[in-house]
Amino acid sequence: MKLVAPVLLSLVIMSSCASPEEKNAEASESNAQMEENCVYRYNADSTQFTWTGYKFTERVGVSGTFEEIYTEGFSENENIIDVVSGVDFKIPVSSIESKNEDRNNKIISFFFGSMNTDVIYGQIQELSGEGDAGIAKVLLRMNALEKIVPMDYTFENGLFEMSAEIDVKNWNGSAGIEKLNDACYDLHKGADGVSLLWPNVTLNVQSRFDVVCP
């Protein structure tokens with residue numbers, strides 16, 4: 001667990017030069033800290049879901065967020081892996097925000113409309129690693145298709161972050177990409193004059209977890 005690691009490391013370093021009496025005192029202090037039974041609690045107002053799409057042959061990123069994310073299944077535990085594993089989430093695509101209303105409407109209408117997707121469903125199924133970093137297997141359901149997405153995760157100072165790049169063709173999203181590119185044809189022309197919208201999208205999720213002690 002990331003918050004405990006610095007403490008443990010410092011104890012190891014100090015104990016290498018400590019007397020037996022000092023070591024016993026340090027061990028007692030460490031046990032007292034562990035007996036506090038502190039746990040991580042999900043901060044429901046903290047989650048941010050950022051996506052980045054790419055246009056032009058040069059692959060220039062355009063980012064945005066979803067303003068509505070609904071979650072269910074968070075537990076309270078001293079191990080962040082147990083807190084996060086099994087969590088379900090759903091994201092209404094109508095809550096997309098790219099700081100451009102016309103772009104928002106076109107993404108909803110042409111891309112998600114072509115995919116018959118009003119809500120993105122998902123589940124964090126499994127986390128592997130030591131708690132502070134590893135891989136999360138996340139199920140994503142769009143266009144009536146479910147796919148497992150391996151996402152890199154980190155956990156540091158209460159902030160849990162996952163990221164991955166997906167290819168929407170895996171959810172039969174090619175038609176949606178083509179329709180969205182046609183609707184924004186001139187806006188997607190790069191320096192070479194080619195209009196291109198990539199099927200790749202980078203996803204980033206950040207959530208904060210508070211430490212709660214009895």
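Guide: A nonpolar core is a set of buried Ala, Val, Leu, Ile, Met, Phe, Trp, Tyr and Cys residues joined through side-chain atoms within 4.5 Å. Buried means under 20% relative accessible area, exposed over 50%, and partly exposed in between (1.4 Å probe, protein chains only). The model is predicted: local features need pLDDT of at least 70, side-chain atom pairs count only at pLDDT 80 or more, and totals for chains, interfaces and linings use all residues. Residues are numbered from 1 along each chain as its sequence is written, and side-chain values use heavy atoms, with hydrogens and water left out.

Visitor: Which residues have the most contacts inside the largest nonpolar core?

Guide: In soluble globular proteins, nonpolar side chains tend to be buried together. Here the largest nonpolar core has 43 residues, and Ile 80, Phe 112, Phe 160, Met 162 and Phe 209 have the most contacts inside it. Strand S11 gives the most to this core, with five residues. Helices (H or I, at least four residues) and strands (E, at least two) are DSSP runs, numbered from the N terminus.

Visitor: With which residues is Ile 80 in contact, leaving aside its neighbours within four places in sequence?

Guide: Contact means heavy atoms within 4.5 Å. With those neighbours left aside, Ile 80 touches Tyr 40, Gly 131, Phe 155, Phe 160 and Phe 209 in this sense.

Visitor: What is the volume of the largest pocket, and which element gives the most to its lining?

Guide: The largest pocket has a volume of about 580 Å³. Helix H4 gives the most to its lining, with six residues. Among the 32 lining residues, Trp 51, Gly 53, Ile 107, Leu 180 and Val 201 lie nearest the centre of the pocket.

Visitor: Is Asn 143 buried or exposed?

Guide: Asn 143 counts as buried because its relative accessibility is 17%. This residue is found in the loop between S8 and strand S9 (145–156). A polar atom of its side chain lies 2.9 Å from the backbone oxygen of Trp 171. Phi of Asn 143 is near 55°, a positive value in a residue other than glycine.

Visitor: Is Asn 116 buried or exposed?

Guide: Asn 116 is exposed, with a relative accessible area of 67%. Its place is the loop between helix H4 (101–114) and strand S7 (119–129). Phi of Asn 116 is near 50°, again a positive value in a residue other than glycine.

Key
A polar contact is a pair of N or O atoms within 3.5 Å; within protein, one must be able to donate a hydrogen and the other to accept it, and residues adjacent in sequence count only if both atoms are side-chain atoms. On a 1 Å grid over the protein atoms alone, a cavity is a set of points where a 1.4 Å probe fits but cannot get out, and a pocket is an open set with protein on both sides within 12 Å along at least five of seven lines; lining residues have an atom within 4 Å of a point. Grid points are joined across faces, edges and corners, and a volume is the space filled by probe spheres set on the points.
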